[in-house]
Amino acid sequence: MSESMSMVSGEASGDVAILAPEGELDHATTPGFYNSATAVLETRSLLVLDLSGLEFCDSTGLNALLRLQRRAKEAGGSIALVAPSQQIVLLLRMTATQESLPVYDSRDQAVEAMRGRTDN
């Protein structure tokens with residue numbers, strides 16, 4: 001099903017990094033996505049994933065998101081999702097994982113929320 005996926009790095013400020021995967025996140029593209037995101041988590045504890053350019057996500061992609069969240073938490077950080085498609089929102093609801101992966105409408109909201117968590 002996968003045609004391709006690309007990863008666009010967004011700005012990073014302090015401990016917050018922003019990545020924006022584009023295309024499809026499935027069995028063929030998930031390993032590259034996961035490796036890129038874990039490399040970022042080695043230098044930043046907070047990761048915002050802007051999913052507005054992600055057209056599709058299957059169970060392998062969802063598993064990678066959950067593994068990234070676990071990895072970030074183990075390092076004292078977190079990940080947040082921004083602007084996921086309806087398909088991804090439905091996937092989160094159907095698998096009851098929406099509690100584990102916070103979703104925001106914009107990058108600014110996600111960054112503000114993540115910084116608020118670390119300031120406490």
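Reader: What makes the contact of the Asp50 and Arg107 side chains a salt bridge?

Author: In this predicted model, the side chains of Asp50 and Arg107 meet at 2.7 Å, N to O. The cut-off is 4 Å between a side-chain nitrogen of Lys or Arg and a carboxyl oxygen of Asp or Glu. The value of 2.7 Å is within 4 Å, so the pair is a salt bridge. Side chains of opposite charge can pair when their charged atoms come close.

Reader: What makes this a link between distant parts of the chain?

Author: Asp50 belongs to strand E3, residues 46-50. Arg107 belongs to helix H4, residues 107-119.

Reader: How many salt bridges does a search of the whole structure find?

Author: The search finds one.

Reader: Why is Asp50 called buried?

Author: Its relative accessible area is 9%. Buried means under 20%, so Asp50 qualifies.

Reader: Is Arg107 buried, partly exposed or exposed, and what makes it so?

Author: Arg107 has a relative accessible area of 24%. Buried would need under 20%, and exposed over 50%. Arg107 falls in between, so it counts as partly exposed.

Reader: Why are H1 and H2 called roughly parallel?

Author: Two packed helices are described by the angle between their axes and the distance between the axes. Here H1 (residues 30-41) and H2 (residues 59-74) pack at about 15 degrees, with axes 10 Å apart. Angles under 35 degrees count as roughly parallel, so H1 is roughly parallel to H2. The crossing of H1 past H2 is right-handed.

Reader: Which residues of H1 and H2 meet?

Author: From H1 come Thr30, Phe33, Tyr34, Ala37, Thr38 and Leu41. From H2 come Thr60, Gly61, Ala64, Leu65, Arg67, Leu68, Arg71 and Ala72. By class, this contact has eight nonpolar, four polar and two charged residues.

Reader: Where is Ser45, and what does it touch?

Author: Ser45 sits in the loop between H1 and E3. Leaving aside residues up to four places away in sequence, Ser45 touches Asp15, Ala72, Ala75, Gly77 and Ser78. Ala72 is also one of the H2 residues that meet H1.

Reader: Why is Ser45 called buried?

Author: Its relative accessible area is 18%. That is under 20%, so Ser45 counts as buried.

Reader: What makes Gly76 exposed?

Author: Gly76 has 60% relative accessibility. The cut-off is over 50%, so Gly76 counts as exposed. Its place is the loop between H2 and strand E5 (78-82). Gly76 and Ser45 are 31 residues apart along the chain, with their C-alpha atoms separated by 6.7 Å.

Reader: What is the phi of Ala83?

Author: Ala83 has a positive phi of about 50 degrees, although it is not a glycine. Ala83 lies in the loop between E5 and helix H3 (86-94). At 29% relative accessible area, Ala83 lies between 20% and 50%, so it is partly exposed.

Reader: What about Ala96, and how do you know that it counts as exposed?

Author: Ala96 is not a glycine, yet has a positive phi of about 55 degrees. Ala96 is in the loop between H3 and strand E6 (103-104). Its relative accessibility is 57%, over the 50% cut-off, so Ala96 counts as exposed.

Reader: How many helices and strands does the protein have?

Author: The count is four helices and six strands. From the N terminus on, they run β-β-α-β-β-α-β-α-β-α. Of the 120 residues, 45% count as buried.

How values were computed. Residues numbered from 1 in each chain as written. Predicted model: local features only at pLDDT ≥ 70, side-chain atom pairs only at ≥ 80, totals over all residues. Heavy atoms only, no water. Axes fitted to C-alpha atoms, helices over the stretch in contact; angles between N-to-C directions. Helix = DSSP H or I, 4+ residues; strand = E, 2+ residues; numbered from the N terminus. Parallel < 35°, antiparallel > 145°, perpendicular 65-115°, else oblique. Left-handed = near helix turned anticlockwise from the far one by under 90°. Contact = heavy atoms within 4.5 Å. Nonpolar A, V, L, I, M, F, W, Y, C, P; charged D, E, K, R; others polar. Buried < 20%, exposed > 50% of the residue type's maximum accessible area, 1.4 Å probe, protein only.
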